[in-house]
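Biologist: Could you walk me through reading strands and helices in a model? I'd like the general idea, then the case at hand.

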Amino acid sequence: MKKASLTILILFLLMSCKKEVVVDFSEEIIETSEGAEITLNFPKAEGTKEITDRINQTLENYIITQINISEHDDANGNLYDAISKFNYEYNSFKNNFPESSQQWEAFVDGEVTYRSTEIICIAITTYLDTGGAHGNTNVRFFNFNPQTGKLYNKKDLISNIRDLSEVIEKRLKKDLHADNDTEFTEAIFFGKDFQLPETFGYSNEGLIILYNPYEIASYSQGLVEFTIPFSEVNQFLKIN
């Protein structure tokens with residue numbers, strides 16, 4: 001009886017000593033129009049330092065990579081360094097082409113799309129216009145483990161990739177009005193087999209499937225996005 005009581009006491013003490021993980025989010029906004037028009041608006045994690053630092057660093061590194069357009073820069077530094085470098089490239093462009101009225105733009109917008117005890121999903125949308133025929137939009141989802149701050153990969157999230165792919169492919173064909181498989185693969189995947197999007201996200205409504213321009217079809221197709229209810233895909237997911 002005493003041994004059992006001692007065991008219970010030790011377990012209680014271990015549980016009491018375990019640090020509570022806290023992850024909240026505020027909004028980080030950085031704006032400047034001293035050179036190019038730049039607006040960065042994204043979630044900033046706050047709470048348990050080791051975890052939130054990992055989340056924030058992942059997001060910041062991605063944003064830096066997105067707004068880095070220099071061919072001779074490895075995108076080191078922080079967000080403010082990246083903004084300075086973007087403005088440097090813009091001013092170099094203006095000096096080389098003084099007759100151009102093209103205004104460069106860099107916009108980043110992020111939001112927490114889903115939270116549970118198992119996952120935090122954040123969507124980051126970037127838009128860059130550096131004087132080409134049109135600006136470029138890209139959306140990426142980041143699925144974090146709330147207990148560690150580390151990113152999940154597809155294998156961490158999906159238990160049955162083949163069956164999930166079939167569900168997504170069927171919905172994609174319906175949304176794009178593809179009449180047959182040949183037309184679908186040639187027009188949408190450039191003659192290749194069906195492919196999952198680079199990343200996918202979570203929302204309260206279900207699993208967000210999003211293909212960026214050039215990921216499928218042509219740029220004129222734009223973003224292809226739809227949500228599949230969890231009731232249709234839960235059996236293929238490890239985490240929801």
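Modeller: Let's take a sheet, a helix and a hairpin in turn. Keep in mind that this is a predicted model.

Biologist: In which order do the strands of the open sheet lie?

Modeller: In general, strands of a sheet pair through backbone hydrogen bonds, either parallel or antiparallel. Here the order is β6-β7-β8, with antiparallel pairing. β6 (200-203) and β8 (224-228) are the edge strands, each pairing on one side only. Neighbouring strands are turned by 25° against each other on average, direction ignored. Between β7 (residues 206-211) and β8 there are 5 bridges, and leucine 210 sits opposite glutamate 225 in β8. Across β7 and β8 lies helix α5 (residues 161-176), at about 125° to β8.

Biologist: Now helix α2: which of its residues are buried?

Modeller: An α-helix has 3.6 residues a turn, so residues three or four places apart point the same way. In α2 the buried residues include Ile51, Ile55, Leu59, Tyr62 and Ile63. Among the elements covering the buried residues of α2 are β1 (23-32), α3 (79-96) and β5 (136-144).

Biologist: How far apart are the end C-alpha atoms of α2?

Modeller: They are 27 Å apart, which agrees with the 27 Å that 19 residues (49-67) should span at 1.5 Å a residue.

Biologist: And what joins β3 to β4?

Modeller: A hairpin does, through 4 residues. These two strands run antiparallel, with 10 bridges, and valine 108 faces threonine 126 in β4. By contrast, β2 and β3 pair in the parallel sense over 5 bridges, with asparagine 41 opposite aspartate 109 in β3.

Conventions:
Residues numbered from 1 in each chain as written. Predicted model: local features only at pLDDT ≥ 70, side-chain atom pairs only at ≥ 80, totals over all residues. Heavy atoms only, no water. Pairing = 2+ DSSP bridges. Axes fitted to C-alpha atoms, helices over the stretch in contact; angles between N-to-C directions. Contact = heavy atoms within 4.5 Å. Expected span 1.5 Å × (residues − 1). Buried < 20%, exposed > 50% of the residue type's maximum accessible area, 1.4 Å probe, protein only.
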